[in-house]
Protein chains: 2
Amino acid sequence: MQAVVITIGDEILNGTTVDTNSAFLGKELALLGIQLREKVSISDTDHHIRGSLHRYMGHTDLIIMTGGLGPTLDDKTKQTLCSYFNTELVFNATVFKFIENRFAQRGLKMTERNRQQAFLPATCTVVPNTMGTASGMWFERDGTVLVSLPGVPYEMKHIYRSELVERFRKHFALPVIENYYIMTSGIGESWLADQIEEIETSLPLDVRLAYLPSPGIVKLRLTGRGNEQKKVAMRVSVWAQQIELRLGSHVFANENISLQEAVGRRLLALQATLSLAESCTGGNIGRLITQIPGSSAYFLGSVISYDNSVKERLLGVDPDILSTHGAVSEETVAAMLDGVLDLIGTDYAIAVSGVAGPGGGTEDKPVGTVYIGVSGRGTRRIQRYNFAQDRAVNIEYSSMYALHMLRVLLDEHLEKQELKG
Amino acid sequence: MQAVVITIGDEILNGTTVDTNSAFLGKELALLGIQLREKVSISDTDHHIRGSLHRYMGHTDLIIMTGGLGPTLDDKTKQTLCSYFNTELVFNATVFKFIENRFAQRGLKMTERNRQQAFLPATCTVVPNTMGTASGMWFERDGTVLVSLPGVPYEMKHIYRSELVERFRKHFALPVIENYYIMTSGIGESWLADQIEEIETSLPLDVRLAYLPSPGIVKLRLTGRGNEQKKVAMRVSVWAQQIELRLGSHVFANENISLQEAVGRRLLALQATLSLAESCTGGNIGRLITQIPGSSAYFLGSVISYDNSVKERLLGVDPDILSTHGAVSEETVAAMLDGVLDLIGTDYAIAVSGVAGPGGGTEDKPVGTVYIGVSGRGTRRIQRYNFAQDRAVNIEYSSMYALHMLRVLLDEHLEKQELKG
């Protein structure tokens, strides 16, 4: 069971609009067990729309098209579909009434352009759009279902969820799909792949493994496929557990959550609070932590000590340490940790100081050199890293490794607590 | 001159990753005068990669492929390209040395998988990647240039900018394109369009205007096209100046820079320093300001006072103010401004306190209510906003409007300084 998504519009091709419609459809179709074979973005011209129909009709089970259904002159999809399917536009009284009501409710006058939206191809099944004036259209030919939807994301999503999911389930014989996520932090993709190579090569055909890496994080996704929900879920989780066992403490979650959310959950479990002393990351760690709704339960605040004067005066870093060892040093980060724990009065703290670049590097401490420290409840750890990337990426890596180090410390403390309890 | 972008990876098709690479490439190619005809995302299999090569090779001037070049077993692109172009992988000593150095610098051990990254197709031109271990590859056949790039966005972007722009200019006969950016902050797109409607409708065919809105910012881009650099640049700037005159103080730059960079330049011109007191933005304003290399010249640091205890103890906000007016109030933001100016000792400060959501809203102060204040050199301004969006968007808007308010204040102070000087 394979599908193709075609998104129509010059604004997608020239990068003015990031195409989120096809990401949505890819995700939703996967949940139904429909594999997206290809997605393609094309210009809103008769020539290109016709070319894409020619390419895919009869060669895939399902095509979803989005866009090109607006009331303006530059929207050509409906006309092209009519001519491709050898049919003509006919007046649809139900759709007309709906549009009329919609305008009346808002106290707006209906124009001729809006009236045109009620003319739809005679041979299609109309898929109602209760959020806008452009209806969806369902065609069938050569063993392919073609659904054409408006490009406005919330209209498209609403039609998909309210009308299409059930129609697809009925029309196609769909398999059961189960996804299982294994989230790891602080290790590279290659190292990880080496660790689980044996397991990966023994995976059966109906269970697939994907590596989804981002700075500091590798997300593993196991996808199982079959006929019975329970059986598939069981089969996937058996393989997932083997991988989790092999990876041990590198795993921070077995669901698709961010590292900052995982850190937040651990702080809640420990009934502990957190503060930060950020230098080169400039506020980015605070931003990540406060992305999580409810983070105010454990995150009290932080000091961004970008200038040494702030390190000295707010965090109490000894000027002698700064002059002897420099701002980017283990000693400074140790003093920042002690300072912020004392100042804000939290259970745990993170401190970061480094050379983000492009300037400021030395032979001893080139651009990308970052000291990251975590401290709390009797343990303090400081680690030197060199990320050797550009400014933005060094900041991103520093932030993720800081969260990683805290996560590891919190896991150890949670384990201790459980042993006691 | 037409191009096709092919992005490779199941994570794009199943919606796990939103494909921002092709939006970036569409935008960048348009700036060079290369029109993106189609973009397509396919699965990382020999069959699909080969099928897309078969479809586009010889039928377009340029194909850019991204993704599928990682060191793991599921990355098939390099092998497929070898077999398609009838060549074989050969050891590249330069690339090997680079990878080896990279690992040595980080104190990491190189694995056999990493070593494989130095094997590249014999007939391609290697396009160096200084940000990672997967090199770019340039092939030519049947009148089509095919460039294969890694899928990691920052690696891909870096290779594009540092290596490909110049190669494309040389290889293809590209028309002269001149872009002129007019950056505005704090006003909406519709209002802006009304102001410049007359000018817009008089634009000649070889000068095009694009509106590129993002939270708090509308970027206008005028694009001229022709044969002679100087003539095109002149023609575009004449129209740009008309628009700038009409928009007056809403314009913060006439080049494509961020609002935080514009703020930084003004602080440098005023020889002034900045500190922040962030509550609901959680560090995001600090992150934005420190994205700019050299920001340490004016940004000293900040206090993220997420919890009221930090507002009281570090910023000296009177507990009576917090209990009478609440943390989200003009009075609290005024006290945060005074507190941080005094604590860090800067010329200017920003303070923000609001309800980011989803929880915490009240009838008086629903989710999205944010007080933003700026203060410095004798002026203090506080404004109430309601952005009424979800958490992430409220934080983004709050940050951009805070930078906007500071920018306006700095502009007024710069004007005063010039009048005096």
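Which residues does B:Arg287 touch, not counting residues up to four places away in sequence? In this predicted model, the residues in question are A:Gly282, A:Gly283, A:Asn284 and A:Arg287. B:Arg287 itself is found in helix α12 of chain B, which spans residues 284-289. The residue is buried, yet it has no salt bridge. The nearest side chain of opposite charge belongs to B:Glu396, at 4.8 Å, whereas a salt bridge requires a side-chain nitrogen of Lys or Arg within 4 Å of a carboxyl oxygen of Asp or Glu.

The overall dimensions of chain A were examined next. The radius of gyration of chain A is 28 Å, whereas a compact globule of 421 residues would have a value near 22 Å. Taken along the principal axes, the box filled by the C-alpha atoms of chain A is roughly 85 × 55 × 45 Å. The secondary structure of this chain comprises 16 helices and 17 strands. Of the 421 residues of chain A, 57% count as buried. Among contacts in chain A between residues at least 6 apart in sequence, 67% join residues at least 24 apart. Chain A exposes about 17,800 Å², and carbon and sulfur atoms supply 49% of that area.

Two helices of chain A illustrate how elements are covered. Helix α2 of chain A (residues 21-31) is mostly covered, with eight of its 11 residues buried. The buried residues of α2(A) are A:Asn21, A:Ser22, A:Ala23, A:Phe24, A:Leu25, A:Gly26, A:Glu28 and A:Leu29. Their cover includes, from chain A, strands β1 (2-8), β2 (35-42) and β3 (62-66) and helix α7 (153-171). Chain B also contributes to the cover of α2(A), through α1 (10-13). Just after α2(A), A:Gly33 takes a positive phi of about 85 degrees.

Helix α4 of chain A (residues 77-84) is largely enclosed by the rest of the structure, because six of its eight residues are buried. The buried residues of α4(A) are A:Thr77, A:Lys78, A:Thr80, A:Leu81, A:Cys82 and A:Tyr84. A positive phi also follows this helix: just after α4(A), A:Asn86 takes a value of about 55 degrees.

In chain B, B:Ile8 lies in strand β1 (residues 2-8). B:Ile8 counts as buried because its relative accessibility is 3%, against a limit of under 20% for burial. Leaving aside neighbours within four places in sequence, B:Ile8 is in contact with B:Ile42, B:Ser43, B:Asp44, B:Ile49, B:Met65, B:Thr66, B:Gly67, B:Gly68 and B:Thr77.

Charged side chains were then considered. Side chains of opposite charge can pair when their charged atoms come close. A search of the whole structure finds 36 salt bridges over all chains. One of them joins the side chains of B:Asp46 and B:Arg50, with an N to O distance of 3.5 Å. Both residues lie in helix α3 of chain B (residues 46-56), four residues apart, or about one turn of the helix. B:Asp46 is partly exposed, with a relative accessible area of 35%, and B:Arg50 is likewise partly exposed, at 31% relative accessibility.

A salt bridge also links B:Arg169 and B:Glu166, whose closest N and O atoms are 3.2 Å apart. Because B:Arg169 and B:Glu166 are three residues apart in helix α7 of chain B (residues 153-171), about one helical turn separates them. B:Arg169 is partly exposed, with a relative accessible area of 47%, and B:Glu166 is partly exposed at 45%.

The side chains of B:Asp338 and B:Arg380 form a further salt bridge, at 3.0 Å from N to O. B:Asp338 lies in helix α15 (residues 330-345) and B:Arg380 in strand β17 (residues 379-386), both of chain B, so the pair ties together parts that are 42 residues apart in sequence. B:Asp338 is partly exposed, with a relative accessible area of 41%, and B:Arg380 is partly exposed at 44%. Elsewhere, salt bridges that share partners join A:Asp194, A:Glu197 and B:Arg113 into one network.

Notes:
Residues are numbered from 1 along each chain as its sequence is written. Chains are lettered from A and ligands numbered from 1 in the order in which they are written. This is a predicted model: local features need pLDDT of at least 70, side-chain atom pairs count only at pLDDT 80 or more; totals for chains, interfaces and linings use all residues. Side-chain values use heavy atoms; hydrogens and water are left out. The radius of gyration is taken over C-alpha atoms; the globule rule is 2.2 Å times the number of residues to the power 0.38. Buried means under 20% relative accessible area, exposed over 50%, partly exposed in between (1.4 Å probe, protein chains only). Contact means heavy atoms within 4.5 Å. Accessible areas come from the Shrake-Rupley method with a 1.4 Å probe; for residues, only the protein chains shown count as cover. Lys and Arg count as positive and Asp and Glu as negative; His and the chain ends are not counted.
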